[in-house]
Amino acid sequence: MEKHQCALFDLDGVVVNTAQYHYLAWKNIAHLVGYDLTFQDNEQLKGVSRPDSLRVILKMAQTSISQDEFDRFLIQKNEDYLVLVQALKTTDILPGISEGLVFLKDKGIKIGLGSASKNALLILEKLNLTSYFDVIIDGNQVKKGKPHPEVFLKGSTALNVKPKACVVFEDASAGIEAAKAAGMTAIALGEPNEFKGADFCFPHFNAIGISTLEKLF
Ligand code: B16
Ligand code: MG
């Protein structure tokens with residue numbers, strides 16, 4: 001296996017399980033348009049930007065709303081989400097992540113965040129993880145959301161590392177598509193049948209193990 005010089009982490013679903021909070025907040029919004037958003041529906045929203053997520057929900061609900069309502073729903077979703085993540089603390093960091101970050105830091109591997117979320121910095125701060133990241137690219141810096149590769153390409157450019165020397169850790173199929181479109185090694189976290197084109201798949205970050213990380217970096 002070729003050695004890599006950079007690790008790019010998705011946030012929601014990889015570093016911390018905020019997916020459940022996004023789900024609860026979107027469920028409230030979906031109710032407003034008469035749609036009962038299921039846990040399974042929520043899979044399609046993972047890694048997808050806030051406005052694109054609302055577009056997907058409206059499609060599921062087979063309804064349309066005015067631009068004013070659309071904007072109001074986005075604000076309300078985020079307000080609800082921010083209340084839900086208020087209680088996040090370091091014990092919510094997903095298993096293996098802290099050890100993985102320490103391992104990479106000790107090896108001198110560059111570490112970046114590539115998240116669709118506009119709340120990424122706030123979440124990292126709540127988890128006390130900000131200092132591990134050499135660069136943080138989030139929803140505030142990208143024009144095109146995942147599956148577009150922009151978020152990861154911005155990360156590798158900022159770190160001055162070629163895309164093929166980067167490993168991306170992702171829990172969303174849109175994120176795996178983005179990593180592959182960027183020309184990076186893509187490690188999917190979840191069920192193998194959820195992902196197309198991932199280089200490797202593990203059920204969660206902790207299942208990767210230090211020996212595989214040693215091979216990758
Ligand atoms: P926000 P990631 C993504 O984060 C989430 O998976 C997705 O569900 C969410 O809609 C998106 O961020 C935008 O988040 O509303 O906080 O800006 O997985 O790319 O870290
Ligand atoms: Mg994610």
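A pocket, as I use the word here, is an open set of grid points with protein on both sides within 12 Å along at least five of seven lines, and its lining residues have an atom within 4 Å of a point.

**Entry 1: the model.** I'm working from a predicted model. The protein chain splits into domain 1 (6-16 + 89-216) and domain 2 (19-87).

**Entry 2: the largest pocket.** Which residues lie nearest its centre? I noted Val 48, Ser 49, Arg 50, Ala 116 and Ser 117, out of a lining of 27 residues. Next I sorted that lining by residue type: ten are polar, nine charged and eight nonpolar.

Then I went through the helices. Helix 1 (19-32), helix 3 (50-60) and helix 4 (67-85) each put at least two residues into the lining of the largest pocket. Which helix gives the most? That's helix 3, with four residues. I also checked the domains, and the lining of the largest pocket takes at least three residues from domain 1 and at least three from domain 2.

**Entry 3: the second largest pocket.** This one holds about 320 Å³ of space. I counted 17 residues in its lining, and Gly 13, Asp 171, Leu 189, Pro 203 and His 204 are the ones nearest the centre. By type, the lining of the second largest pocket has seven nonpolar, five polar and five charged residues. Where does this pocket lie relative to the domains? Domain 1 and domain 2 both give residues to the lining, so the second largest pocket lies between them.

**Entry 4: how the domains meet.** With the pockets done, I turned to the domain interface. Taken over C-alpha atoms, the centres of domain 1 and domain 2 are 24 Å apart. For contacts, I found 14 residues of domain 1 against eleven residues of domain 2.

The size of an interface is often quoted as the accessible area lost when the parts come together, so I looked that up too. Domain 1 and domain 2 bury about 1100 Å² between them, with 49% of it on carbon and sulfur atoms. Which three residues of domain 1 supply more of its buried area than any other three? They are Asp 12, Asn 119 and Lys 126, which supply 35% of the area that domain 1 buries against domain 2.

I got a count of zero between domain 1 and domain 2.

Technical notes: Residues numbered from 1 in each chain as written. Chains lettered and ligands numbered in written order. Predicted model: local features only at pLDDT ≥ 70, side-chain atom pairs only at ≥ 80, totals over all residues. Heavy atoms only, no water. 1 Å grid on protein atoms, 1.4 Å probe; cavity = no way out; pocket = protein on both sides within 12 Å on 5 of 7 lines; lining within 4 Å. Nonpolar A, V, L, I, M, F, W, Y, C, P; charged D, E, K, R; others polar. Domains from an automatic or database assignment. Points joined across faces, edges and corners; volume = space filled by probe spheres on them. Contact = heavy atoms within 4.5 Å. Buried area = accessible area lost by both parts, 1.4 Å probe. Salt bridge = Lys/Arg side-chain N within 4 Å of Asp/Glu carboxyl O.
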